[in-house]
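I opened this notebook to record what I looked up in one structure. The entries cover strands, the disulfide search, pockets and cavities.

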Amino acid sequence: MPRQTRTLSIAAVAALLTLALTGCSPTFNWREVRPDGTRLSLLLPCKPDKAQKTVPLGGQPTVLAMLGCDAGGATFAVAVADLGDAAKAGPVLAQWQSLTLANMKGGPRAAGTGPGGTQVVPLRLSGASVEPAPLLVSAQGQRADGTAVMGRAAYFAQGSQVFQVVMYAGTTKLDGAPQAVEVAETFFASLKFE
């Protein structure tokens, strides 16, 4: 009996140590950020850079504001644009999703099967517009240099504001690695409107 107690104690200490090391990992230094002019809050695993550019969204030049950073071999970013009209959100988000997949030469990804299908699932995000419904998209593709990349992106709106929240990583870093799955879950689960 004492031997089992000792074994359980060592296992419990090891589990707590693993959790502490993962939570305090210098690779992923989580911090809460809020894109300017929005009610969105999310966690990024690194200090983000800010950028803005004018892009054609919904048939008109629109300012796209971005926050993004790289950590642990992955890129994390959030982009937001105000279309000025909530009725434009659905078509713009659909176009944005298609362009992102085309830019990464995204092949669809089927759930549990690896390459071969784009996986699109509903995203539960309190405070986001119901129409268009928030979505989480996973796909495999290629970077400009031809290396394989996995991408996960959330697309949603709040009123006339449209959002893309994305994580890109090499396939060995994002697909199937336990820590990569945990990092992706932390990133996307942190999305909230205040």
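I took two strands as paired if DSSP finds at least two bridges between them. Helices (H or I, at least four residues) and strands (E, at least two) are DSSP runs, numbered from the N terminus.

**Ground rules.** The model is predicted, so I kept to its limits: local features need pLDDT of at least 70, side-chain atom pairs count only at pLDDT 80 or more, and totals for chains, interfaces and linings use all residues. Residues are numbered from 1 along each chain as its sequence is written, and side-chain values use heavy atoms, with hydrogens and water left out.

**Overview.** I found four helices and twelve strands in the protein. I called a residue buried under 20% relative accessible area, exposed over 50% and partly exposed in between (1.4 Å probe, protein chains only). Of the 194 residues, 41% count as buried. I then looked at contacts, meaning heavy atoms within 4.5 Å. Among contacts with a separation of 6 or more, 50% come from residues 24 or more positions apart.

**Strand pairing.** Which residue in E11 is the bridge partner of Ala-81? I read off Val-162. The strands concerned, E5 (residues 74-82) and E11 (residues 161-169), are antiparallel and share nine bridges. E5 also pairs with E4, again in the antiparallel sense, over eight bridges. Within that pair, Ala-65 has Val-80 in E5 as its bridge partner. E4 and E5 make a hairpin with two residues between them, and Gly-72 in the turn has a positive phi of about 60°.

I noted an open sheet of three strands as well, in the order E1-E2-E12 and with antiparallel pairing. Its edge strands are E1 (31-33) and E12 (192-193), each of which pairs on one side only. E2 and E12 run antiparallel and are joined by two bridges. There, Leu-40 has Phe-193 of E12 as its bridge partner.

**Disulfide.** How many disulfides does a search of the whole structure find? With the criterion set as a pair of cysteine sulfur atoms within 2.5 Å, I got one. The disulfide is formed by Cys-46 and Cys-69, with their sulfur atoms 1.9 Å apart. The link of Cys-46 and Cys-69 is right-handed, with 80° about the S-S bond. Cys-46 sits in the loop between E2 (40-44) and E3 (49-57), and Cys-69 in E4 (residues 60-71), so the pair ties together parts that are 23 residues apart in sequence. Are these cysteines buried or exposed? Both Cys-46 and Cys-69 are buried.

**Pockets.** I ran the search on a 1 Å grid over the protein atoms alone: a cavity is a set of points where a 1.4 Å probe fits but cannot get out, a pocket is an open set with protein on both sides within 12 Å along at least five of seven lines, and lining residues have an atom within 4 Å of a point. Grid points are joined across faces, edges and corners, and a volume is the space filled by probe spheres set on the points. For residue classes I counted Ala, Val, Leu, Ile, Met, Phe, Trp, Tyr, Cys and Pro as nonpolar, Asp, Glu, Lys and Arg as charged, and the others, Gly among them, as polar.

The largest pocket holds about 440 Å³ of space. Its lining has 18 residues, with Lys-53, Leu-64, Trp-96, Thr-100 and Gln-164 nearest the centre. At least two lining residues come from each of E3, E4, E5, H2 (89-103) and E11. I counted 13 nonpolar, four polar and one charged residues in this lining.

The second largest pocket has about 190 Å³. Of its 13 lining residues, Leu-136, Ser-138, Arg-152, Glu-185 and Phe-188 lie nearest the centre. H4 provides the largest share of this lining, five residues. The classes here are seven nonpolar, two polar and four charged.

**Cavity.** I counted one cavity of 30 Å³ or more. The largest cavity has a volume of about 60 Å³. Thr-100, Leu-101, Met-104, Gly-151 and Ala-153 lie nearest its centre, out of 13 lining residues. Which strand gives the most to the lining of the largest cavity? I found E10, with four residues. The lining of the largest cavity divides into eight nonpolar, four polar and one charged residues.
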